[in-house]
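Please examine the sequence and the three-dimensional structure shown here.

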Amino acid sequence: MSGADPVGVLLRASIRHSIRTHLGGVWVRGPLPHGGAVLAANHHSWWDGYVLGEVAATLGADFRVLMTARQLARFPFLRRVGVLGVEEVRPAVRAARAGAWVVVFPEGAIRPAGVLRQVKPGAAWIARTAGVPLVPVALRVVLRGGQYPEAYLRFGRAVGAPDLVAALSRELAALEADLAGSDPEQPLAGYLRLTAGRASDHERLDWPSRALARLTGDR
């Protein structure tokens, strides 16, 4: 986000540090929006808003995300890093018109992984009112073959409001299929690593282990 609010700068740095020390990395696939857009994403983990903010920051995009009133009351300082209350649709429209990515979780709260629950109309309304693309985003933070969870995002093409549920469901199903069909110890094919996270112990020890094996002849 723009601006020189020192508290906001510190918060953003703290969030980035948290992502890079507690996740194994952030990977993306699909057409990323250029300019203002509403990103309608599934909401399966505590990390989701942070991960989407990290993608936006890495690409130099301004960022807003809608949060429930209860959560925002607990963490009001998050306004300094782009959080809006779910009822603040007019500020969200203005931000999207000005070029920001506005993240909306249409399910309304964190839900168990799997099929989409009831999808609310707010994301489509903001996109239509702002005159910006409505982009479905499938997002999963999963533990694969490494020591730390990894974040994967699959961006779909912009859709109209009537097609959002089907498009988001399709992207989510495709992401789940990509994960299910992969070797958990190898990079997920077709996804670009945007943020390097924390390496697992076996990755950090791989080079010393190979060097020691050569020295001792234990190969």
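Which backbone nitrogen does a side-chain oxygen of Asp 5 reach at the start of α1? That oxygen comes to within 3.2 Å of the backbone nitrogen of Val 7, a polar contact (a pair of N or O atoms within 3.5 Å; within protein, one must be able to donate a hydrogen and the other to accept it, and residues adjacent in sequence count only if both atoms are side-chain atoms). The model is a predicted one, in which local features need pLDDT of at least 70 and side-chain atom pairs count only at pLDDT 80 or more, whereas totals for chains, interfaces and linings use all residues. Residues are numbered from 1 along each chain as its sequence is written, and side-chain values use heavy atoms, with hydrogens and water left out.

Helix α1 comprises residues 6-22, 17 residues in number, and spans 24 Å from its first C-alpha to its last, close to the 24 Å expected at 1.5 Å a residue. The expected span is 1.5 Å times one less than the number of residues. Helices (H or I, at least four residues) and strands (E, at least two) are DSSP runs, numbered from the N terminus.

Within α1, Gly 8, Leu 11, Ile 15, Ser 18 and Ile 19 are buried, that is, under 20% relative accessible area, where exposed means over 50% and partly exposed in between (1.4 Å probe, protein chains only).

The packing of α1 and α2 is at an angle of about 110 degrees, with their axes 10 Å apart. Axes are lines fitted to C-alpha atoms, for helices over the stretch in contact, and angles run from 0 to 180 degrees between N-to-C directions. The two helices are therefore roughly perpendicular to each other, a term for angles of 65 to 115 degrees. Ile 15, Arg 16, Ile 19 and Arg 20 of α1 meet Tyr 50, Val 51, Glu 54, Ala 57 and Thr 58 of α2, contact being heavy atoms within 4.5 Å.

Arg 144 belongs to the loop between β6 (134-142) and β7 (150-155). Arg 144 counts as buried because its relative accessibility is 15%. A polar atom of its side chain lies 2.9 Å from the backbone oxygen of Asp 183, and the side chain of Arg 144 also reaches the backbone oxygen of Gln 186 at 3.1 Å.

Notes
Angles under 35 degrees count as roughly parallel, over 145 as roughly antiparallel, 65 to 115 as roughly perpendicular and the rest as oblique.
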